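Please open the structure in your viewer and keep the selection tool at hand, as this tour moves from one selection to the next.

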Amino acid sequence: MSQKVAVLGTGKIGEALLSGMIRGGWAPADLLVTARRPERAEELRTRYGVTPVTNPEAAKTADTLILTVKPQDMGALLDELAPHVPADRLIISGAAGIPTSFFEERLAAGTPVVRVMTNTPALVDEAMSVISAGTHATAAHLAHAEEIFGAVGKTLRVPESQQDACTALSGSGPAYFFYLVEAMTDAGILLGLPRDKAHDLIVQSAIGAATMLRDSGEHPVKLRENVTSPAGTTINAIRELENHGVRAALIAALEAARDRSRELATGKKD
C-alpha cells in the first residue's frame, strides 16, 4: 500500500485495525499512530513497527486519518487538527452518533468524510463495519474505507440516516450476545452444571447457530422451527420467553441504544 494512514487515539479498536491492516498487506512504515500516553505510543511502535506522531503531524503527513477517539473527545481533537488538515485528506470517523456534517463544519471546505461504525469482534477479524459517505466523499473514498475495515471483518454501505440504527444493532450488538451468554450460564449453574461446562455448551451452541444463520440461507424462524418439536422442551422454553416479554424488551433496548446514539451527536454526556 502506498498511501499513509494514521490512526488517531489508538485504543483497542484502533489497535485491532492496525494489526488487521498489517496482515492485509499495509507496510508498517506507511502506518502512523497517535496516543494520549507516550508509553502507549511506544508500545505500539514496539509491537507493530508503526510510527508514533502527534495529532498535527498525522494531519500533515497522512493521506487518510482514522479518528477513533470517544465521541465526547471528538470536538477537541478537531480543534487541534483543523489548522493542519488540507482539504484533500480523507477523514474516517469511528465515533458513535457523530454525523459527517460535524466534521465538515470544522474542517476545510470540501474535506471528504466517511463515517464508519465497527464493533469489538474486530479484535478477532470478525467485525461488522457499516460505512456511510459524507457530502464530499466519493465512491473511491468509500472503497478505500472498505479496504481498510475489510481487513478486520465484513463491511456494509448504508445511507448515513441509517447509522444510528446500525450502531444500536451491530455496534452495540456483541454486548447483547455476551449478556445472553452470561444469563444462560447462570441458568446452567442453577440447573446443576459446573460453570465451565455450561459455558462450553452455550458458546459452542452460539457458534453453531451463527454459522447456520450465515451459511444456510434459511430464515431464523425456519431454523428455530427445526429445533421446536410439538410439546417438546424447546417450545416450553420459548413460551416462557414470550410470557416474560423478551422480544418486546429486545426491541425496546435497541430503540434506547439508537436514541442514545442520536444524543451523542448533540454532545449530551449524561
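A residue is called buried when its relative accessible area is under 20%, exposed when it is over 50%, and partly exposed in between. Keep in mind throughout that this is a predicted model.

**Stop one: Ala137**

Select Ala137, which you will find in the loop between β7 and α6 (139-149). Is Ala137 buried or exposed? Its relative accessibility is 15%, and because the cut-off for buried is under 20%, Ala137 counts as buried. If you leave aside the neighbours within four places in sequence, the residues in contact with Ala137 are Pro112, Val113 and Val114.

**Stop two: Ala143**

Move on to Ala143, which is found in helix α6 and which, at 36% relative accessibility, counts as partly exposed. Select Ile131 as well, and you have a pair that is 12 residues apart in sequence and, from C-alpha to C-alpha, 9.7 Å apart in space.

**Stop three: the sheet**

Next, show the strands. Eight of them form an open sheet, in which the order is β3-β2-β1-β4-β5-β6-β7-β8 and the pairing is mixed. At the edges stand β3 (51-52) and β8 (153-157), each with a single partner strand, so one side of each is left without a neighbour in the sheet.

Select β1 (residues 5-8) together with β2: these strands run parallel and are joined by four bridges. Within this pair, Leu8 stands opposite Thr34 of β2. Then select β4 (residues 64-67), which also pairs with β1 in the parallel sense, over four bridges, and look for Ile66 in β4, the bridge partner of Val7.

Which residues of β2 (residues 31-34) lie on each of its two faces? Leu31 and Val33 are on one side, while Leu32 and Thr34 are on the other, and as all of these are buried, both faces of the strand are covered.

**Stop four: helices α1 and α2**

Select helix α1 (residues 12-23) and helix α2 (residues 38-48), which pack at an angle of about 20 degrees, with their axes 12 Å apart. Angles under 35 degrees count as roughly parallel, and α1 and α2 are therefore roughly parallel to each other. Their crossing is right-handed. To see where they touch, show the side chains of Glu15, Ser19 and Ile22 in α1, which meet Arg40, Leu44, Arg47 and Tyr48 in α2. By class, the residues of this contact between α1 and α2 divide into three nonpolar, one polar and three charged.

**Stop five: helices α7 and α8**

Now select helix α7 (residues 163-171) and helix α8, which pack at an angle of about 30 degrees, with their axes 5 Å apart. From α7 the contact takes in Ala168, Leu169, Ser170 and Gly171, and from α8 it takes in Gly173, Pro174 and Tyr176. This contact of α7 with α8 has four nonpolar residues, three polar ones and no charged ones.

Stay with helix α8 (residues 173-190) and select Thr185, which lies within it. Thr185 is buried, with a relative accessible area of 5%. Not counting residues up to four places away in sequence, Thr185 touches Arg195, Ala198, His199 and Ile202.

**Stop six: two backbone angles**

Most residues other than glycine have a negative phi. With that in mind, select Asp125, in the loop between β6 (113-117) and β7 (127-133); the phi of Asp125 is near 60 degrees, a positive value in a residue other than glycine. Asp125 is partly exposed, with a relative accessible area of 28%.

Ala231 is exposed, with a relative accessible area of 79%.

Key:
Residues numbered from 1 in each chain as written. Predicted model: local features only at pLDDT ≥ 70, side-chain atom pairs only at ≥ 80, totals over all residues. Heavy atoms only, no water. Axes fitted to C-alpha atoms, helices over the stretch in contact; angles between N-to-C directions. Parallel < 35°, antiparallel > 145°, perpendicular 65-115°, else oblique. Left-handed = near helix turned anticlockwise from the far one by under 90°. Contact = heavy atoms within 4.5 Å. Nonpolar A, V, L, I, M, F, W, Y, C, P; charged D, E, K, R; others polar. Buried < 20%, exposed > 50% of the residue type's maximum accessible area, 1.4 Å probe, protein only. Pairing = 2+ DSSP bridges.
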